[in-house]
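Me: I would like to learn how to read a two-chain model. Can we go feature by feature?

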Amino acid sequence: MFKSLKITCDEATTICDKNQYGEASIKELIKLNIHFIRCRICAKYTKQNMALSKLYKGYSKNCKSIKHCLSSEEKDALKNALEESKQ
Amino acid sequence: MAEKIHTINTNKWIDNYADYLYNYAISRVNNSDLAKDLVQETFFAGLKSAKNFKGKASERTWLVSILKRKIIDHYRKINSKKGQAEVRMNFYNDGENEGDWLEERVPQKWDNTSETSIENEELKDQLEACIDNLPEKYAMVFRMKTVQEFETEEICKELDITASNLWVIIHRARTQLRKCMEDNWFNN
């Protein structure tokens with residue numbers, strides 16, 4: 001039973017990444033916490049990962065506030081290209 | 001109640017939908033030239049198949065479905081052999097201690113953790129440089145999930161990938177990004 005809860009560092013960090021989006025399952029979180037008992041490296045990874053998530057969140061907010069538009073020249077060029085292809 | 005039948009007016013497409021489609025494309029591919037090409041291809045493809053428009057969906061929904069197809073085609077292209085040949089950093093052992101950290105890739109203690117606000121332009125530039133350094137496939141999935149905050153299901157549907165595939169990509173992207181930020185920001 002306990003063997004099935006043992007995971008590698010690769011698996012542990014994958015769960016940790018998934019958990020940054022709140023999408024890790026309870027079973028995965030149990031496995032992750034058991035892994036932390038014997039692995040300080042993954043515990044450090046998780047701490048740093050959480051700091052990065054905060055940074056990514058701020059970056060996301062910043063990016064989503066930007067509205068991208070085509071210039072009127074680009075729209076005219078697109079209109080012409082479309083007109084030409086109709087003929 | 002009678003179902004509304006939508007009509008098509010190709011003369012108004014650019015004015016009505018170009019910006020919407022461009023925004024839609026750029027939030028997925030994060031490359032303005034590529035996004036413009038995808039929008040143009042969408043209009044051309046729409047024009048070519050306008051006779052198949054049944055009017056069940058609005059013009060915009062119909063054009064978006066064409067654009068989605070173009071984005072999947074692009075994703076498949078970068079996920080092809082050429083895309084997979086891009087440099088991928090390995091962080092874990094393959095042999096006897098399979099799945100354990102490679103000694104030289106173990107996370108290091110960070111010296112500079114005082115500045116983590118994205119308002120800091122230098123930090124923002126460094127983060128963007130690290131994302132741009134990722135293999136294109138990883139950068140695209142990471143941006144959709146983390147920057148644009150799309151639902152997992154939506155990304156899987158749009159890119160035609162499984163959820164476990166998505167998490168492997170996110171994991172590889174984040175591991176590589178962590179290392180890049182460690183080398184170029186936190187311990188620089």
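Predicted model: local features only at pLDDT ≥ 70, side-chain atom pairs only at ≥ 80, totals over all residues.

Me: Is A:K18 buried or exposed?

Reply: The cut-off for buried is 20 or more other C-beta atoms within 10 Å. A:K18 has 22, so A:K18 is buried. This lysine lies in helix α1 of chain A.

Me: Which residues is A:K18 in contact with, leaving aside neighbours within four places in sequence?

Reply: They are A:E23, A:A24 and B:W167. One of these partners, B:W167, is in chain B.

Me: How many residues of α1(A) are buried?

Reply: Eight of its 11 residues are buried, so α1(A) is mostly covered. The buried residues are A:C9, A:A12, A:T13, A:T14, A:I15, A:C16, A:D17 and A:K18.

Me: What covers the buried residues of α1(A)?

Reply: The cover includes α2 (26-38) and α3 of chain A, together with α8 of chain B. Elements of both chains take part.

Me: Now a helix pair. How is one described?

Reply: Two packed helices are described by the angle between their axes and the distance between the axes. Take α1(A) and α8(B). Their axes come within 9 Å and cross at roughly 95°. The range for roughly perpendicular is 65 to 115 degrees, so α1(A) and α8(B) are roughly perpendicular to each other.

Me: Which residues of α1(A) and α8(B) meet?

Reply: From α1(A) come A:T13, A:T14, A:D17 and A:K18. From α8(B) come B:W167, B:I170, B:H171, B:R174 and B:T175. By class, the residues of this contact are two nonpolar, four polar and three charged.

Me: At what angle do α4(A) and α2(B) pack?

Reply: The angle is about 30°, with the axes 10 Å apart. Angles under 35 degrees count as roughly parallel, so α4(A) and α2(B) are roughly parallel to each other. The crossing of α4(A) past α2(B) is right-handed.

Me: Which residues make the contact between α4(A) and α2(B)?

Reply: On α4(A) they are A:E74, A:L78, A:A81, A:L82, A:S85 and A:K86. On α2(B) they are B:K36, B:Q40, B:F43, B:F44 and B:L47. This contact divides into six nonpolar, two polar and three charged residues.

Me: Step back to the whole interface. How many residues does each chain give to the contact?

Reply: Chain A gives 37 residues and chain B gives 37 residues. On the chain A side, α1 (9-19), α3 (40-64) and α4 (72-86) each supply at least two residues. The largest share, 15 residues, comes from α3(A).

Me: How does the side of chain A that touches chain B divide by class?

Reply: There are 15 nonpolar, 10 polar and 12 charged residues.

Me: Where is B:D160 placed?

Reply: B:D160 is in the loop between α7 (152-159) and α8 (163-186) of chain B. Its phi is near 60°, a positive value in a residue other than glycine. B:D160 is exposed, with 11 other C-beta atoms within 10 Å.

Me: Last, the record. Which residues of chain B does UniProt give for "domain: RNA polymerase sigma-70 region"?

Reply: The unreviewed UniProt entry places that feature at residues 14-77 of chain B. Over residues 14-77 the chain is 81% helix and 0% strand, and the end C-alpha atoms are 27 Å apart.

Me: And which residues of chain B does "domain: RNA polymerase sigma factor 70 region 4 type" cover?

Reply: That UniProt annotation, also from an unreviewed entry, covers residues 125-177 of chain B. Over residues 125-177 the chain is 83% helix and 0% strand, with the end C-alpha atoms 13 Å apart.

Note on methods. Residues numbered from 1 in each chain as written. Chains lettered and ligands numbered in written order. Contact = placed C-beta atoms within 7 Å. Helix = DSSP H or I, 4+ residues; strand = E, 2+ residues; numbered from the N terminus. Nonpolar A, V, L, I, M, F, W, Y, C, P; charged D, E, K, R; others polar. UniProt positions renumbered as here; feature names shortened; annotations may be inferred. Buried ≥ 20, exposed ≤ 12 C-beta atoms within 10 Å, placed from the backbone. Axes fitted to C-alpha atoms, helices over the stretch in contact; angles between N-to-C directions. Parallel < 35°, antiparallel > 145°, perpendicular 65-115°, else oblique. Left-handed = near helix turned anticlockwise from the far one by under 90°.
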